[in-house]
Amino acid sequence: MFSRAGLLAAIISVTSLISPAQAFDDNAARSKTVYQVVTDRFALTDPSASPACDTSDMVYCGGTWKGTEQKLDYIRGMGFDTVWISPVVQNINTTKNKLGEAYHGYWTQDINQLNSHFGSEADLKSLVDTAHQKNMYIMVDVVVNHVATTNAKNFQADSSYGPLNVTSRDIHSFCWVEDYTNQTQVETCWLGDENVALADVNTEDPSVVSTFNTWIKSLVSSYGFDAIRIDTVKHVRQNFWPDFVSASGVHAIGEVLDGDPAYIGAYQNNSMNSLFNYPLYYAIDTAFNSTSASMSNVVTALENNRKQFKDTTLLGNFISNHDNPRFESHVSDIALRKNAIAMIYGVEGIPYVYYGQEQALWLSGYETQKDMYTFFTTMNGIRSAATNASSTFNNNQATIIGQDDHNLVIRKDPLISVVTNRGGKASTSSLAITNTGISTPTELIDVVSCATYTTDNKGAFTASIKSGLPAVFIPSSQKGSLCGSTTAATTGGSDNKASAGFREATYMTSLMAILLPAVAFCLF
């Protein structure tokens, strides 16, 4: 028999094997906040090593799954609960050409093998297990649409492709995608160019379908992944995806790189429930890249999304990712950056943040006191507080309750957000806020500035917008630990009025955007 100490040790041993975090479904996904990493460019295994890598060479820089594991506390410190890692499967070994090496993970060679550049099977399992122990989740990126080859002459395989054979019916006959209004071309022709041709997988063939459905089920279960991100969704027939997603057994979000909500909305109806919010991305990029831009495109995008998507609360909101130049590469004003970020948190949808939006990483030593690191901590904190305060927060759409060319007031109970594109040089302005839905005098706190306000008996108040920064208000009684016990100058009232190349350039050029952090933000 166990002694009391032995029994306790046995219980601890058994319970330590039970992951506190588990795979989540679409409903649970609404409450998540996701931090995207490109594994090769995020963290080294040896944290003391010098990240000597010239990203312009477009080669592997040495980031690993073990390195990411060691930085989970850094990510969790900002309040992110989910980490999206780049594809884990074996990629082609490219010869010297202008596209460099497959460090990004999107040039698949063998789906049944891991990319040894990122570590071992044990390393990958350890990353997932450690994340679960920290009540975090791992989302893995997967590619179904294509495999890659560098043989430009006849586009045949130059090495093994695992369960797929590029000389057989497993691959669509060669043609470049040249007309993106022709859906047949989009789904059956090839991406890439003569340097790296992305051979299009024949996802109409039953044996190929079975191969991929079996693979994704095994990949998720073998490593304990909690969700999947799916690349190049629009390049595969829509009715392929439901069975694939079902086979994964977890939440799936797909990339349909298009700004038309009607086009993307069809995929939500026919393929998967969660998709990246490209219509809002383009609108935000336009509205917040200049102090002379108008907010009208953002309002229009929100309205059109609600007409075309059956559920906008499952869309992934973002302002930067590996498929597009970083927002920071063309917007240097910190106030504009913060407002764009506040926008993706203030409306319905799941926030996705690209590594390095908070600071230059390897070069900074992953500091946790940087301004943008603290800002993301605040934004994730207010989202958590709102979720705790309202069981319907993540299921509800936002409402625009105030609008002019440079300001939007967004209500998503219990939050009220003010975003502006007046920029960091703007003087302090007053903004009258009404239609808050508050029926009695209530103390609110702006968690960005920690200033408090008191509404009148109709819920109205006048906010002070300083230095062009966003403001996010919540009843002080619901703020949790945000802003501690300190409050700043208090104002109130309601009567004041507001004052004043490749065949798909967007895809393959966007892969190059992984390299652009050096230009955008001195990142790897």
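Axes are taken here as lines fitted to C-alpha atoms, for helices over the stretch in contact, and the angle between two of them runs from 0 to 180 degrees between N-to-C directions. In the predicted model examined here, helix α8, spanning residues 206-223, packs against helix α9, spanning residues 241-248, at an angle of about 30 degrees, and their axes lie 7 Å apart. Because angles under 35 degrees count as roughly parallel, α8 and α9 are therefore assigned to that class. The crossing in which α8 passes α9 is right-handed. On the side of α8 the contact is formed by F212, N213, W215, I216, K217 and V220, and on the side of α9 by D243, F244, A247 and S248. Of the residues in this contact, 6 are nonpolar, 2 polar and 2 charged.

The largest nonpolar core comprises 137 residues, and F212 and F244 are included among those with the most contacts inside it, together with Y35, I85, I230 and M343. Another core, of 15 residues, lies apart from it and has I401, L431, A451 and I465 among its members.

Residue I111, located in strand β4 (residues 108-114), has a relative accessibility of 6% and therefore counts as buried, the limit for this class being under 20%. When neighbours within four places in sequence are left aside, I111 is in contact with V89, P163, T211, F212 and W215; of these, F212 and W215 also take part in the contact of α8 with α9. The C-alpha atom of I111 is separated by 6.5 Å from that of Q90, a residue 21 residues apart from I111 along the chain.

Methods:
Residues are numbered from 1 along each chain as its sequence is written. This is a predicted model: local features need pLDDT of at least 70, side-chain atom pairs count only at pLDDT 80 or more; totals for chains, interfaces and linings use all residues. Side-chain values use heavy atoms; hydrogens and water are left out. A nonpolar core is a set of buried Ala, Val, Leu, Ile, Met, Phe, Trp, Tyr and Cys residues joined through side-chain atoms within 4.5 Å. Buried means under 20% relative accessible area, exposed over 50%, partly exposed in between (1.4 Å probe, protein chains only). Helices (H or I, at least four residues) and strands (E, at least two) are DSSP runs, numbered from the N terminus. Angles under 35 degrees count as roughly parallel, over 145 as roughly antiparallel, 65 to 115 as roughly perpendicular and the rest as oblique. A crossing is left-handed if the near helix is turned anticlockwise from the far one by less than a right angle, and right-handed if clockwise. Contact means heavy atoms within 4.5 Å. Ala, Val, Leu, Ile, Met, Phe, Trp, Tyr, Cys and Pro count as nonpolar, Asp, Glu, Lys and Arg as charged, and the others, Gly among them, as polar.
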